Amino acid sequence: MADFKCPLDPPPLWCEKQCEKVDKNDPQSIRLYCLEESLVSFRREETPLPLNECRLLAEEICKEYKSPIPEIKDGRGLKVAKCSFDGKKKLVIKLPRHLRYRIAVLHEATHCVVQYHYRDKESGYQHHGPTYIRYLLDVYARYLDIPIATLERAATLFQLDFKPV
Ligand SMILES: [Zn+2]
Ligand SMILES: [Zn+2]
């Protein structure tokens with residue numbers, strides 16, 4: 001991975017070649033964010049969704065992939081969207097206002113699905129590991145209506161491993 005160069009030209013301000021570095025615990029995360037940035041037209045062309053529509057979309061995906069329905073909360077004030085377990089072991093997605101876009105909801109709902117099915121089964125589980133990316137590409141193909149081959153090519157360009165362990 002040492003020779004990875006961000007394919008975005010110019011790279012987004014928040015990247016500043018961050019994606020060329022590796023986070024040991026979650027090595028694919030920043031490169032994935034840059035890949036999503038390359039799909040950014042989906043964000044710009046859309047107006048933010050009302051929280052309730054985000055909720056319905058997350059529900060639809062979790063049902064489709066046979067995992068429990070997460071609770072969707074107002075994440076106002078957060079810089080990033082979050083998906084985590086609450087005190088009662090229920091998955092909660094918190095969506096700040098500036099991230100109530102289809103692509104962000106798909107990303108977080110996919111975390112719910114993959115955490116539910118794989119978190120305890122894979123050793124060295126990574127938040128944005130190969131299994132997660134595999135599911136995410138599948139979800140993007142279906143819900144953003146992008147051919148899977150296009151997404152796989154993009155993932156390869158960003159040197160993302162999407163072969164499930
Ligand atoms: Zn980058
Ligand atoms: Zn994520």
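Trainee: Is Gln 159 buried, partly exposed or exposed?

Mentor: A residue counts as buried if 20 or more other C-beta atoms lie within 10 Å of its own, as exposed if 12 or fewer do, and as partly exposed in between, with C-beta atoms placed from the backbone. Gln 159 has 15 other C-beta atoms within 10 Å, so this residue is partly exposed. Gln 159 is in the segment after H6, and its phi is positive, about 50°, although the residue is not a glycine.

Trainee: What should I know about the origin of the model and its numbering?

Mentor: The model is predicted: local features need pLDDT of at least 70, side-chain atom pairs count only at pLDDT 80 or more, and totals for chains, interfaces and linings use all residues. Residues are numbered from 1 along each chain as its sequence is written, while chains are lettered from A and ligands numbered from 1 in the order in which they are written.

Trainee: Which peptide bond is cis?

Mentor: The bond from Asp 9 to Pro 10 is cis, with omega near -5°. Pro 10 belongs to the segment before H1.

Trainee: How is the packing of two helices described, and at what angle do H3 and H4 pack?

Mentor: Axes are lines fitted to C-alpha atoms, for helices over the stretch in contact, and angles run from 0 to 180 degrees between N-to-C directions. Angles under 35 degrees count as roughly parallel, over 145 as roughly antiparallel, 65 to 115 as roughly perpendicular and the rest as oblique. Helix H3 (residues 51–64) and helix H4 (residues 102–118) pack at about 40°, with axes 9 Å apart. H3 is therefore oblique to H4.

Trainee: Which residues make that contact?

Mentor: Two residues are in contact if their C-beta atoms, placed from the backbone, lie within 7 Å. H3 contributes Cys 54, Leu 57, Ala 58, Ile 61 and Cys 62, and H4 contributes Arg 102, Val 105, Leu 106, Ala 109, Cys 112 and Val 113. For the classes, Ala, Val, Leu, Ile, Met, Phe, Trp, Tyr, Cys and Pro count as nonpolar, Asp, Glu, Lys and Arg as charged, and the others, Gly among them, as polar. The contact of H3 with H4 has 10 nonpolar, no polar and 1 charged residues. Leaving aside neighbours within four places in sequence, Ala 109 is in contact with Ala 58, Ile 61 and Cys 62.

Trainee: How do H4 and H5 cross?

Mentor: The axes of H4 and H5 come within 9 Å and cross at roughly 135°, so the two helices are oblique to each other. Residues of H4 including Leu 106, His 107 and Thr 110 meet residues of H5 including Thr 131, Tyr 132 and Tyr 135. By class, this contact of H4 with H5 has 10 nonpolar, 3 polar and no charged residues.

Trainee: What is the corresponding description of H5 and H6?

Mentor: Their axes come within 9 Å and cross at roughly 140°, so H5 and H6 are oblique to each other. The contact is formed by Ile 133, Leu 137, Tyr 140 and Ala 141 of H5 with Ile 148, Leu 151, Glu 152 and Ala 155 of H6. Its residues comprise 7 nonpolar, no polar and 1 charged.

Trainee: Which residues touch the most other members of the largest nonpolar core?

Mentor: In soluble globular proteins, nonpolar side chains tend to be buried together. A nonpolar core is a set of buried Ala, Val, Leu, Ile, Met, Phe, Trp, Tyr and Cys residues joined through C-beta atoms within 7 Å. The largest one here has 34 residues, of which Ala 58, Ile 93, Leu 95, Ala 109, Ile 133, Leu 136 and Ala 155 touch the most other members. Helix H1 (29–38), H3, strand E3 (91–95), H4, helix H5 (130–143) and helix H6 (148–157) each supply at least two residues of this core.

Trainee: Against which helices do the buried residues of H1 pack?

Mentor: They pack against H5 and H6. The buried residues in H1 are Ile 30, Arg 31, Leu 32, Cys 34 and Leu 35.

Key:
Helices (H or I, at least four residues) and strands (E, at least two) are DSSP runs, numbered from the N terminus.
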